[in-house]
Structure formats: structure tokens, C-alpha cells
Amino acid sequence: MSRHPTLPTGPLSASEEAELLHRARNQDRHALSLLLQAHQSGVRATIRALVGHPKDLEDILQDALLDAFTRLEELPPGARFSDWLQGLAIEKAGAFLALARRFRPAAQLELEAYCAKTETTADVAAIFGEDGFSFDVRSHVAFCFTAIGRSLPMEEQFAIVLVDVLGLSLDEAAAVQRLNTDSLTRYLQNARTNLELLFERLCGLSNEANPCDLCRGLRAVAADERKGTDPDRLALNSGPPDERLSRRLRIVSQADLDHGPTRALHDFLFELMSQNETNRETPKDQDERLPSERSRWEDLQTYNN
């Protein structure tokens with residue numbers, strides 16, 4: 001019989017986590033490895049929602065897991081390991097994004113233009129032909145959310161991801177970001193206002209006259225048996241704008257970007273988009289000159305252009 005604990009099937013219960021954590025605190029590295037393995041999927045999803053780029057995701061994840069190995073003594077007595085590990089991941093993602101360039105709000109339109117004039121069509125076609133691929137419009141909505149989220153001021157991006165996507169309470173999200181609740185609430189309200197405006201002005205699912213309609217275009221490329229759900233069935237163009245945003249956020253919170261059947265496509269597109277946004281000719285110091293109240297579409301259009 002093995003003297004090592006084995007990983008339970010499914011999510012860890014509080015008692016299972018406590019048992020593994022007790023062993024880990026007593027220098028049982030195998031128990032700590034099992035803890036990390038049990039929570040790795042959730043941590044990956046958190047980082048992906050904030051960062052998007054697959055290579056950056058892997059680097060940040062490994063940094064967070066290494067920190068968990070070396071800083072376990074910092075876990076407060078009585079705290080849940082899963083919450084602490086997620087906090088480490090968010091901290092690492094924040095450190096990465098603080099040094100990275102913010103995306104332009106219309107980064108996906110720039111990506112579409114780039115793809116139209118370069119040799120990427122064959123790459124996309126190859127992905128569409130891979131075994132197991134199908135177009136999942138819900139994953140694409142989550143992909144769009146992450147891309148547009150990276151155009152917001154970082155405090156706003158983190159506020160809406162932590163609260164509206166990951167489901168943290170205001171107090172929990174404020175603690176993670178080392179803010180008071182009033183500041184977190186203000187960032188969250190600004191993020192909702194700005195995202196509502198951006199999606200209303202950009203996304204073809206909100207209004208057919210809007211410029212970005214990648215979801216329908218990509219779905220049209222897929223073979224009939226791989227098209228997935230019709231984007232119109234998401235009903236993102238019905239109801240007032242705040243309801244449409246709430247519906248979109250629910251889709252994002254439930255989508256599986258990390259394991260879904262469209263992952264390879266979104267990884268590829270995010271790599272290209274990150275490259276475009278990082279290497280664009282606009283001087284980097286312009287990233288710091290953000291309007292304090294970005295409520296007008298003109299501000300959002302020119303931001304980081």
C-alpha cells in the first residue's frame with residue numbers, strides 16, 4: 001500500500017484539503033503537490049481570464065506554483081489553501097500586466113486587419129481541421145471579454161474579473177487587490193460602464209451595424225458539424241445595454257477557455273493580438289496618458305492608438 005495520499009476524484013472537500021494541508025505543513029512535499037494539482041485548473045482559468053496569452057499564462061502559473069512551494073509558511077492559520085493559491089496567481093498576473101502594454105479597445109479589429117493582409121489564413125484553416133475542434137461561441141465571447149478587458153485601466157480590469165467573472169465578494173476582491181471596499185466598488189462601476197460602452201460600439205452581437213463580427217465570421221468557416229451554437233441564440237442584442245452586459249458576463253463566467261473545443265484557435269489569435277499590441281509603433285509612454293473619465297467613445301477609440 002502506498003504511504004502517499006492520493007488525489008480524490010473531483011473537487012477537494014474542506015476536510016480533504018485540510019488533511020493534505022496538514023501533511024504539507026509537515027514537510028510532505030507529495031501532499032503539497034496533490035494540493036497544487038487539485039487546484040491548478042481553477043488557477044489556470046483565473047490567470048487566463050486576466051491575461052489571455054497562452055505562453056504568458058503558463059509562465060505566470062509556474063511562478064505561482066513555485067511560490068506556493070516556497071512560501072507555504074505564509075499561509076495564515078485557518079485560511080483555505082485554494083483561496084491563498086488563487087491570491088498568489090492574481091498577484092503574479094498583476095505584476096505581469098503592470099509591465100505589459102495595455103491593449104487598444106479595438107485590438108480585435110486591428111487583428112482582423114492584420115490577418116487579412118498576412119499569411120494566417122492557412123494557419124487558421126489547419127486549426128479548424130484538427131481533431132476535436134469545433135467553434136464554441138461562448139468561448140469566443142470569453143475571449144473577446146479578456147481582450148477588451150486588457151484595454152481597461154488595470155484596476156478596473158481586475159475588479160470586474162474578480163467580482164463579475166470569478167464571483168468574489170466586494171470584500172474578498174478588495175482584499176486581494178489591497179484596496180478598501182469603496183475604491184474597489186468605484187473601479188467596478190467604471191469597468192462596467194466602460195465595458196458596456198465598448199461592447200455596444202464594437203460587438204456585432206450587440207448590434208449588427210457594429211464593426212466586429214468575428215464570431216459569425218469564424219463560425220461560418222467551420223464545417224457544418226463543427227459550427228456549434230448559433231451566436232444569435234445568446235440573445236446578446238436584446239434588452240437594455242446593462243442587461244446585455246450582465247448576460248455576457250454570465251457567459252464569460254461559465255465558459256471554458258482553457259479546455260474547450262475552440263482553445264487552439266483562441267490561443268493562436270491571442271498570440272497574434274498580443275504581438276500586435278506589444279509591437280505597435282505608438283510610443284509606449286502614451287500608455288500612461290489615460291483619460292481620467294473614459295466615458296466617451298472618442299476617448300476609447302483614441303486611447304493607445
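Reader: Which residues is histidine 266 in contact with, leaving aside its neighbours within four places in sequence?

Author: In this predicted model, histidine 266 is in contact with Ser139, His140, Phe143 and Leu257. Histidine 266 itself belongs to helix α13, residues 263-279.

Reader: Why is histidine 266 called buried?

Author: Buried means under 20% relative accessible area. Histidine 266 has a relative accessible area of 3%, and is therefore buried.

Reader: What makes the pairing of the histidine 266 and histidine 140 side chains a polar contact?

Author: The limit for such a pair of N or O atoms is 3.5 Å. The two side chains are placed at 2.9 Å, so the pair qualifies.

Reader: Why is arginine 178 called exposed?

Author: The term exposed requires over 50%. Arginine 178 has a relative accessible area of 67%, so it is exposed. Arginine 178 lies in the loop between α9 (170-176) and α10 (181-202), and has a positive phi of about 55° although it is not a glycine.

Reader: Why does alanine 235 count as partly exposed?

Author: Its relative accessibility is 26%. Buried would need under 20% and exposed over 50%, so alanine 235 falls in between. Alanine 235 is located in the loop between α11 (214-221) and α12 (241-254), and its phi, near 55°, is positive in a residue other than glycine.

Conventions: Residues are numbered from 1 along each chain as its sequence is written. This is a predicted model: local features need pLDDT of at least 70, side-chain atom pairs count only at pLDDT 80 or more; totals for chains, interfaces and linings use all residues. Side-chain values use heavy atoms; hydrogens and water are left out. Helices (H or I, at least four residues) and strands (E, at least two) are DSSP runs, numbered from the N terminus. Buried means under 20% relative accessible area, exposed over 50%, partly exposed in between (1.4 Å probe, protein chains only). A polar contact is a pair of N or O atoms within 3.5 Å; within protein, one must be able to donate a hydrogen and the other to accept it, and residues adjacent in sequence count only if both atoms are side-chain atoms. Contact means heavy atoms within 4.5 Å.
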